[in-house]
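Notebook open, structure loaded. I wanted to look up a few spots and jot down what turned up.

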Amino acid sequence: MKTIKDKTFVRLIDKQKIQKRIQELADKISKDFDGKNPIFLGVLNGSFMFLSDLMKNLEIECQMSFLKVNSYKQLSSSGTIKELIGINEDLENRHVIIVEDIVDSGRTMAWIINTLEPKKVASIHIASLLLKPKALQIPIKVDYCGFEIENDFVLGYGLDYDGYGRNIPEIMVLKS
């Protein structure tokens, strides 16, 4: 159990299980993109831990970059997506793998995909540590999913509550 600001959280997924799953995802991505030189596009701030560990386990030639968008305020999505740091790389004819900490409503991911499509990319794939299928409002296909979870508020391993808790090495869920 851990208290962050005014909320109490309990363990949902421990760090060993996270690392094991990331290795499995890296193995699959390495096989699927062997010889294709993909570029991994991390969505800041939440994806930084997942992307870092994923990159350490990949066995392919690849590049990495970041973009930063914001759609959350405290415990819920604001419904508005704001680009804070844009994409600077030339993505034409590149295989892009968007790396996200969590896909819940699908709005942010749909916005990113719509931003990438005019750049004439070879393909777009999504790798997300977490997916909340019951929260999806826009149908999004997550090609490389770490864990499917219920529609509960989670933090840790890059995810935060009002800016706090990103440094926790496991996924924790809000205690009801």
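Predicted model: local features only at pLDDT ≥ 70, side-chain atom pairs only at ≥ 80, totals over all residues.

**Entry 1: a serine in a loop**

I began with Ser-105, which counts as buried because its relative accessibility is 10% (buried is under 20% relative accessible area, exposed over 50%, partly exposed in between, with a 1.4 Å probe and protein chains only). Residues are numbered from 1 along each chain as its sequence is written, and side-chain values use heavy atoms, with hydrogens and water left out.

Ser-105 sits in the loop between strand E6 (95-103) and helix H3 (107-116). Those labels are DSSP runs numbered from the N terminus: helices are H or I with at least four residues, strands are E with at least two. I then asked what Ser-105 is in contact with, leaving aside its neighbours within four places in sequence. I got Ala-135, Leu-136, Gln-137 and Ile-138, where contact means heavy atoms within 4.5 Å. I also checked Ser-47, 58 residues from Ser-105 along the chain: the two C-alpha atoms are separated by 17 Å.

**Entry 2: a phenylalanine in a strand**

Next I went to Phe-9, found in strand E2 (residues 7-13). With a relative accessible area of 0%, Phe-9 is buried. Beyond its neighbours within four places in sequence, Phe-9 touches a list of residues that includes Met-1, Lys-2 and Ile-4, then Phe-153, Leu-155 and Tyr-161, and also Met-172, Val-173, Leu-174 and Lys-175.

**Entry 3: two helices crossing**

How do helix H1 and helix H2 cross? I found that the axes of H1 (residues 15-32) and H2 (residues 48-57) come within 9 Å and cross at roughly 55 degrees. The axes are lines fitted to C-alpha atoms, for helices over the stretch in contact, and angles run from 0 to 180 degrees between N-to-C directions. H1 and H2 are therefore oblique to each other; under 35 degrees would be roughly parallel, over 145 roughly antiparallel, 65 to 115 roughly perpendicular, and the rest is oblique.

From H1, the contact is made by Gln-19, Ile-22, Gln-23, Leu-25, Ala-26 and Ile-29, and from H2 by Phe-50, Asp-53, Leu-54 and Asn-57.

**Entry 4: salt bridges**

How many salt bridges does the structure hold? I noted ten, a salt bridge being a side-chain nitrogen of Lys or Arg within 4 Å of a carboxyl oxygen of Asp or Glu.

Glu-24 pairs with Lys-20, with the closest N and O atoms 2.8 Å apart. Both lie in H1, four residues apart, about one turn of the helix. Lys-20 counts as exposed at 55% relative accessibility, whereas Glu-24 is partly exposed at 35%.

Arg-21 also forms a salt bridge with Glu-24, the closest N and O atoms being 3.0 Å apart. Arg-21 is partly exposed, with a relative accessible area of 24%.

Arg-166 counts as buried at 19% relative accessibility, while Asp-160 counts as partly exposed at 22%. Back to the shared partners: Lys-20, Arg-21 and Glu-24 are joined by their salt bridges into one network.
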